Amino acid sequence: MAPQTTLTPRALNRATLDRQHLLRRTDALGPKEAVAHLVGLQAQNVKPPYFALWARLAGFRPEQLSALIEARELVRIVTLRSTIHLHTADDVLTLRPLVQAARDRELKQFRGQLEGVDLERLAETVRGLVEERPYTMKEIRDVLGEQWPDATPFALSLAARCTLPLVQVTPRGLWGRSGRVALTTAEHWLGRAPGPVPAPDDTVLRYLAAFGPASVKDMQTWAGLTRLGEVFERLRPVLVTFRDENGVELFDLPDAPRPDEDTPAPPRFLPEFDNLLLSHADRTRVIPAEHWGRSWKGNQAFSTLLVDGFLAGVWRLEEGKEHAVLTVQPFGSLSRARRDEVAAEGERLLAEMTSATSYDVRFGDVMG
């Protein structure tokens, strides 16, 4: 057997950025197709999916994504890593059942706080509520608390979202119109039932297409699943393999792009929680060791800046009625040329993602 090629962090960086459409914006995908290709977008807050697509798609406008959410072609739901993601309707009905095992494990951790709670009855109760009209999680907790007063409110909330595929209904998630979080079931919102739990093979291939080359542990981190090694072994005949600099085996699609590591990577402004930074066990392909943890402060996550393909700073957008300010905080010094590139990309963000008639890009303190 021929020795496996070793891929440097920079080579992995360029390969992943290419598949994420962050080396160059693509005009070959619309917002729905891009969300499908990326297997969902992190969406704890309302605006991150919009900025995530703006960084990746040529000609993107927020109204395009908002219209798809309003038409129920894209849906906000807890899936990967127990966090809210924006998915296509088809993925909601297949990916959520695939990661149900992770929801079951999560729920098991809080079983001691659900003394006397019949989970099947709880699911039936919640379904009856939210399919009559959308309920907030507080409203759900209040009803469940009356039935099971000895259970903790948080555990009851967790049980509701772990036992049922609860989606956030509009206007939550719409650009400029977002409301409170109200929930119903995916089946009720989409008018069709989920399919049986799918085999993970196709999802492995989709993950590699968007995030590869990657290890088994990388995908397990992305999906929040375990024991995927046997799936990769089953797929090994149709995949190619490499090693990283630590000797970890990486799998990939044979025809997936793997650009030269010296391929230019322009500055990109990414939202907080962008999947690019969260979808590998080894994140050195995007986050230099010296910057690990620097995009967080306490429980606050900041929007991130890529320079030359790697995490290099954070940013904050402040919008007034007529004026907007983008403040950029690099983690280190930037050359004059890099600084000019960052400023130009920032001006593009302000022009295309705000309604301001005037704006400024400033370099300063974001994290306080």
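Visitor: Which residues of α9 are buried?
Guide: A155, L156, S157, L158, A159, A160, R161 and C162. Buried means under 20% relative accessible area, exposed means over 50%, and partly exposed is in between, using a 1.4 Å probe and protein chains only. This is a predicted model, where local features need pLDDT of at least 70, side-chain atom pairs count only at pLDDT 80 or more, and totals for chains, interfaces and linings use all residues. Residues are numbered from 1 along each chain as its sequence is written, and side-chain values use heavy atoms, with hydrogens and water left out.

Visitor: How many of the α9 residues is that?
Guide: Eight of eleven, so the helix, residues 153–163, is mostly covered. Helices (H or I, at least four residues) and strands (E, at least two) are DSSP runs, numbered from the N terminus.

Visitor: What covers them?
Guide: The cover includes the strands β3 (74–78) and β5, along with helices α5, α6, α7 (119–130) and α8 (137–147). Contact here means heavy atoms within 4.5 Å.

Visitor: At what angle do α5 and α6 cross?
Guide: Roughly 50°, and the axes of α5 (residues 89–98) and α6 (residues 100–108) come within 4 Å. That makes α5 oblique to α6. Angles under 35 degrees count as roughly parallel, over 145 as roughly antiparallel, 65 to 115 as roughly perpendicular, and the rest as oblique. The axes are lines fitted to C-alpha atoms, for helices over the stretch in contact, with angles from 0 to 180 degrees between N-to-C directions.

Visitor: Which residues meet there?
Guide: R96, P97 and L98 from α5 meet Q100, A101 and R103 from α6. By type, the contact has three nonpolar residues, one polar and two charged. Ala, Val, Leu, Ile, Met, Phe, Trp, Tyr, Cys and Pro count as nonpolar, Asp, Glu, Lys and Arg as charged, and the others, Gly among them, as polar.

Visitor: Changing topic. Is L183 buried or exposed?
Guide: L183 is buried, with a relative accessible area of 7%. It is found in strand β6 (residues 183–185).

Visitor: What does L183 touch?
Guide: Leaving out residues up to four places away in sequence, its contacts include V130, Y135, M137, I140 and L166.

Visitor: Which peptide bonds are cis?
Guide: Among them is T170 to P171, with omega near 15°, and P171 is in the loop between β5 (166–168) and β6. Another is G212 to P213, with omega near -5°, where P213 lies in the loop between α11 (201–211) and α12 (216–223).

Visitor: And what is phi at R227 and F273?
Guide: Phi of R227 is near 55°, and F273 has about 65°. Most residues other than glycine have a negative phi, and most peptide bonds are trans. R227 is in the loop between α12 and α13 (229–235), and is exposed, with a relative accessible area of 70%. F273 is in the loop between β9 (268–270) and β10 (296–297).

Visitor: Overall, how many helices and strands?
Guide: The protein has 14 helices and 15 strands. Its radius of gyration is 21 Å, close to the 21 Å from the globule rule for 368 residues, so it is as compact as a globular protein of that length. That radius is taken over C-alpha atoms, and the rule is 2.2 Å times the number of residues to the power 0.38.

Visitor: What share of the residues is buried?
Guide: 53% of the 368 residues.
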